[in-house]
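Visitor: I have a few quick questions about this one. Can you walk me through it?
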Amino acid sequence: MTPVTEPPLGEIDDEGERRALERSWRRRPGIAGWFTVTTHQALGKRYIVTAFVFLLIGGVEALFMRLQLARPDNPLIGPDKYNQLFTTHGTTMMFLFAVPMMEGMGVYLVPLMLGTRNVAFPRLNAFGYWMFLFGGIFLYAGFLTNTGPDAGWFAYTPLSGPQFSPGKRVDIWAQMITFTEISALCVATELIATILKMRAPGMSLTRIPMFCWSMLVQSFMVVFAMPAVMVASNIFLLLDRTVGTHFSNAAEGGDPLLYQHVFWFFGHPEVYIIFIPALGMVSSIVETHTRRAIFGYPAMVLSLVSTGFIGFGLWVHHMFATGLPQIGEAYFTAASMMIAVASGVQIFCWIATMWSGRVHMRTPMYFVLGFVFIFVLGGLTGVMLAAIPLDLQVHDTFFVVAHFHYVLIGGALFPLFGAFYHWFPKFTGRMMNDALGKINFWILFVGFNLTFFPMHILGLKGMTRRIYTYPAEMGWGPANALATVGACIILIGGIVFIANALASRVHGEIAGPDPWDGGTLEWAADSPPRNYNFVNLPVATSRYPMWTPPEERVVVTGVRHDRREALVTTLMDAEPPIWPFITALLLGLGLVGATFRFSWYYPAFGATGIGLIGWFWPRRPEGVRS
Amino acid sequence: MIRRRTLDVSGLPDIDVSSQEPIWWGQICLCCIEGAMFCILIACYFYFRLSLDMWPPPGTQLPHVAIPTVTLILAIVSCLGSYRASEGAKKNERGAMLRGLLLNLALGCAFLILRGYAWYTLNFNWASDVHGSTVWTILGLHTMDATADLLFTAVLIVALIFGRTGRSMRLAVHVDSVVWYFLVLIWIPLYIVIYWAPRFVGAPA
């Protein structure tokens, strides 16, 4: 496919451009460079590595819980520590691993796939990363000083309210949400602006790569869902606890149930915020490893978008056991079943793509197939849980625990591992070991099913979640022991993955820009990409520009190389700035202080205002190079 | 030197003071975020309202409407200042930008001071009951947003006085006006909810 008007042949001073770009996009050396970096590759990598560290921490917490539950009447961990463990595990996995990991992949890959130089707001990107990091440190500072939150990862009132949870534990949880939420909103905003306004010339809506579509839908969901958790955690919960408002106090007209409504109005879309980018990753992997354009692109995009919309109409199915009016429950049952249609369309499209393409069975495809298998199982129990009679029976049991681990690990973690193997050559310039990758897949797949499948049965037998032990007469011992064995196998799988990644980083086969013969633009950049991504910005001549014959490809000229500039965008500041870091630090200190005294908000907002003024102060007249 | 098919964009301007700029879109996203939050708070207000027989609860006065109505008019008029400033920014007229921003700042500050006075005369606070908690939270959050934007407006005025009139400066003036429109626009339903809803929806005799 060629553009309507044939672009002329032009002379390009390739080497000169490259030298000038290297100079403009150079990082500051040393410590200062570490705190002032604003390139999307560096920040994306930081997001990914930091979130991975939190995955490991959350995984170790899960392992401790499994060890505690391995046999009846186990004295290993007491009830109080166990409460902190499951709360911190859930909080870490949702807020410090899954969302930031998806955001990190988006920050790294979206500008490359769109053929531009950076995200729309590089400094906001840096600010978001620092907020995320400080929030994680804050939570674990609490956990390590025996002040870890202990009211569950959704902190239902009245249990989490001032009356039943004195002390600072729940305050730390509520304020940690603020940190991670600011971070997610920053990334969502910059990705929306990037995807809407900074695509390569020629990249019409029908040519946007599937992963970018998924990040766009996910970002819009973040924009409209995250304010709800701000209302729930930061306004209802934290204000009730610190200054004595009455949002959840039934004695003064408040209503604890409203907290659940508002929390799940965020919490259910949150599942899709995690899951939708994973769908985009699966599409990217499938089309690359089958060497075929994705089957049913419009249907895929439409089902992503409709998942985004329907995702907001499901929240009450978390609350079927609260005694809501039947008409409402019926509506939410129907909506919960409807979302299976949108997911089903995508599964069928992937199967059709694989069927009609030439599947290359490398490690990423193994993880994709594992994802399809596990996610379909999780989806089936999801349809079961959407039926109110069954939901009432198994509510708050291990059946639900099994269901959401099948959906989240199957639906997000397996695609994510596939994505690591798929884009590792882009991140580091080297291939990951394929044989070890397949071993890694099988260990994780077996370990996962061994851990979580028995939980379905445990739930049906009546084992409720969040209990720290159980008597032997219940007969839950063998299945629990099996699940603990599975958890240890998952640990081995994790170790194999880390070993593979670390070894491949140093000794892996050199990848080159395009090791998989991929079709989208990230494969046009060097591996790892230079700070400016492309010497000449590419033009998207088709949906798969890299599958266009080289002589028909077009590049952009005339974008300035003497300072940081991208197309259809503002100038990116030439000076890597320290202000995002300072602003995040000041706001972070204020938010931490406010969990102890509300009045910390005043100096915090004042200081943040000063930070922002420093951030936005116009530094030099335009057109003059400093 | 290599020869390739090229698309030359060197003729495009560095910055366009218009909705073409990503920062304008980013600002719209932030308005959506704030707007979503206020919509949820409105929903919560009526959720609480519907679960109680008396609203506001006994002993709580109905919030007076006179001064808040004047402040609403002030806020709407202050948008004229923002509009002038952003038109000045598009046409690169420093005088129009300065006058527009000053009008915006002056009326905005008057708006906040009068609101503060009306707020001070309420006979309930955030800890009185759930009605007080909700009304104080809505007022507090909107005041925080408005204060932040007026602070930003003041900074822009200072920068303009110091002679910064480059394209990125003008873009900032343009985007600042977008935020102020949003804050005034969202205040209209919030004003109706706080001051008129208790009078219309099952007011106590």
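Guide: Start with α7(A), which has a kink of about 30 degrees at V223(A), shortly before the proline P227(A). The bend at a residue is the angle between axes fitted to the seven residues ending there and the seven starting there. Helices (H or I, at least four residues) and strands (E, at least two) are DSSP runs, numbered from the N terminus.

Visitor: Anything I should know about the model and its numbering?
Guide: This is a predicted model: local features need pLDDT of at least 70, side-chain atom pairs count only at pLDDT 80 or more, and totals for chains, interfaces and linings use all residues. Residues are numbered from 1 along each chain as its sequence is written, with chains lettered from A and ligands numbered from 1 in the order in which they are written.

Visitor: Back to α7(A). How far apart are its end C-alpha atoms?
Guide: They are 45 Å apart, which agrees with the 48 Å that its 33 residues should span at 1.5 Å a residue. The expected span is 1.5 Å times one less than the number of residues.

Visitor: And how many of its residues are buried?
Guide: 31 of the 33, so α7(A) is mostly covered. Buried means that 20 or more other C-beta atoms lie within 10 Å of a residue's own; exposed means 12 or fewer, and partly exposed is in between, with C-beta atoms placed from the backbone.

Visitor: What follows the helix?
Guide: G244(A), with a positive phi near 80 degrees.

Visitor: Which residues have the most contacts inside the largest nonpolar core?
Guide: C212(A), V231(A), A232(A) and V262(A), in a core of 239 residues. The largest share of this core, 23 residues, comes from α7(A). A nonpolar core here is a set of buried Ala, Val, Leu, Ile, Met, Phe, Trp, Tyr and Cys residues joined through C-beta atoms within 7 Å.

Visitor: What does V262(A) touch, leaving aside neighbours within four places in sequence?
Guide: A228(A), V231(A), A232(A) and F236(A), plus I40(B) and C44(B) from chain B. Contact means C-beta atoms, placed from the backbone, within 7 Å.

Visitor: Now the interface. How many residues are in contact?
Guide: 54 residues of chain A are in contact with 48 of chain B. On the chain A side, the elements that each supply at least two residues include α6 (169-197), α7 (210-242) and α8 (256-289).

Visitor: What is that side made of?
Guide: It divides into 34 nonpolar, twelve polar and eight charged residues. Ala, Val, Leu, Ile, Met, Phe, Trp, Tyr, Cys and Pro count as nonpolar, Asp, Glu, Lys and Arg as charged, and the others, Gly among them, as polar.

Visitor: What share of each chain is buried?
Guide: In chain A, 56% of the 626 residues count as buried. In chain B, 40% of the 205 do.

Conventions: Contact = placed C-beta atoms within 7 Å.
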